[in-house]
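Please keep the structure in view as you read.

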Amino acid sequence: MKPSIPMKNNNTLLKYFTIGVLLTIITISVVNAGIPIPFYEAILNPPNIHERIRIQEYSSHEPFYQWWYYWLRDTELNRHYAFTYAISLCKDRVANNNKDCKYDGVFILFSCVDHTINKTFQKVEHYEYKDLEIVNDGSYFHLKVLNPLQRNQTLYEIQPLKDGLYQISGNLRKNSPNEWFQTNTDSSLEAQWNFTIDRIYGYYGQKQMEKPDEHFKGIIQWNTYSHSSQVSGLLTYQSNSIQNTIIQTIHDKRYRFYCDMNWGTNLPDAPPHDNGDKRYAWGWYYVNIPSNNIQNELSIIAGSGRTYANFPLYTLDALFGDIRLNSTHHIELTQIVAYSETFYYTNDGKVLQFKVDRSEWTTVKDSLGEADIPLRQVLTMETTNYLVVMDFKSKWTDYNRLIFPLKAKLFSDFEALGVSSHLKIVYKPTNQILYDVDISTTTGLEFGYGIDVNFPTRRGSKINLL
């Protein structure tokens with residue numbers, strides 16, 4: 001709950017002072033970056049420097065996290081695979097390592113949503129930070145995770161080949177000694193992958209917030225640097241209960257890849273004593289209509305988040321979106337709400353609506369505990385000339401509960417891939433309906449918040465309890 005300030009006048013002065021400081025910081029950042037006011041301008045198809053590893057840019061006395069997320073989809077079979085290469089550091093960065101730093105190191109995720117057999121599963125491995133090798137070859141985020149017992153063996157790698165072209169590989173081992181946890185599968189799951197990702201289109205809308213974030217609150221940053229991509233490569237996986245599966249991807253609209261990244265020192269959080277309040281959550285919304293002519297490919301990405309940031313910001317709401325209609329036309333928009341004041345940016349006049357409506361709440365139960373999630377989320381984005389509505393209707397069987405560790409907490413991200421959705425886009429000046437279509441195989445949806453997790457305690461040596 002927001003602490004009270006004795007005098008109303010002082011509260012009002014603090015409100016406008018804080019807003020003034022925020023606008024001044026952002027304005028100075030905008031001016032220094034050479035981007036005109038009123039707010040900022042996004043970077044389209046961002047060069048690799050914007051995807052760089054950022055550990056050295058944040059205080060060594062604060063926790064830090066950064067992850068690179070990848071998603072492969074087979075649009076014919078409605079099969080989806082997610083890969084996360086994550087760093088979460090708190091050791092010697094917090095006051096009490098034993099109490100405040102429970103999860104530290106590198107975390108690798110492989111997950112699947114397979115609608116052909118109505119099955120979801122995931123497996124996560126954990127490595128010490130010393131097992132991460134940062135390759136200083138000028139590509140900004142060339143990372144390797146080494147086998148702790150055989151350090152000349154690279155188990156996982158991200159390698160930028162040039163701006164807009166990336167290679168990722170992985171070797172998730174059967175009965176791995178680094179297994180952290182798994183759901184809906186067992187330790188026998190093994191997977192190997194090697195993909196070359198060729199960007200069609202990417203967007204980075206938070207460049208002007210980087211410096212204020214580094215020095216102020218460290219609230220989660222987001223870069224969708226390749227939210228529509230072609231892909232070539234190979235994935236194989238199997239377990240005791242899953243037959244050997246081979247996915248050979250080629251440059252064809254059947255296969256598409258999504259890449260983004262996040263970093264910061266704080267995840268979305270509720271006010272003190274309100275842990276698990278589902279109003280303080282993030283959302284992630286994606287729709288793609290692939291085309292053999294990539295110039296005509298549609299790709300829409302949006303994210304929402306609410307966090308309690310303590311004094312002087314208190315509750316912040318933020319939404320970011322990018323609508324790529326084709327190679328020559330896109331709409332970008334940002335909305336931030338602080339102290340009930342709304343600030344926005346768009347390249348299309350004004351932001352008239354930017355909101356998420358959540359409904360059909362249900363309580364779900366898995367091996368990690370219970371949580372409340374909305375099975376339906378409707379995202380509305382309206383600017384001067386365009387109205388975009390994305391209506392997602394999910395089922396519990398569409399989801400994996402991804403876990404993001406930070407300090408002594410585990411953040412639950414309920415991710416649904418291949419969700420039934422309806423997309424409508426209207427060009428308002430002529431009332432032309434550009435799209436009015438149902439989509440299911442190229443959609444993604446998330447709802448994440450800080451609910452308590454009953455983390456498995458088996459194989460305690462693999463849980464990394466410091």
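A residue counts as exposed when its relative accessible area is over 50%, and as buried when that value is under 20%. Asn431 has a relative accessible area of 59%, so Asn431 is exposed. Please bear in mind that this is a predicted model.

**Loop residues with positive phi**

- Asn431 sits in the loop that links strand E25 (420–427) with strand E26 (432–439).
- The phi angle of Asn431 is near 60°, which is a positive value in a residue other than glycine.
- Asp92 belongs to the loop between strand E3 (79–89) and helix H2 (97–100).
- For Asp92, phi is near 65°, again a positive value in a residue other than glycine.
- Asp92 has 59% relative accessibility and therefore counts as exposed, the cut-off being over 50%.

**A buried loop aspartate**

- Asp131 is placed in the loop between strand E5 (119–127) and strand E6 (132–135).
- Is Asp131 buried or exposed? With a relative accessible area of 3%, Asp131 is buried, because that value is under 20%.

**What surrounds Asp131**

- The side chain of Asp131 makes a polar contact of 3.0 Å with the side chain of Arg151.
- Leaving aside residues up to four places away in sequence, Asp131 touches Lys144, Val145, Leu146, Pro148 and Arg151.

Notes. Residues are numbered from 1 along each chain as its sequence is written. This is a predicted model: local features need pLDDT of at least 70, side-chain atom pairs count only at pLDDT 80 or more; totals for chains, interfaces and linings use all residues. Side-chain values use heavy atoms; hydrogens and water are left out. Helices (H or I, at least four residues) and strands (E, at least two) are DSSP runs, numbered from the N terminus. Buried means under 20% relative accessible area, exposed over 50%, partly exposed in between (1.4 Å probe, protein chains only). A polar contact is a pair of N or O atoms within 3.5 Å; within protein, one must be able to donate a hydrogen and the other to accept it, and residues adjacent in sequence count only if both atoms are side-chain atoms. Contact means heavy atoms within 4.5 Å.
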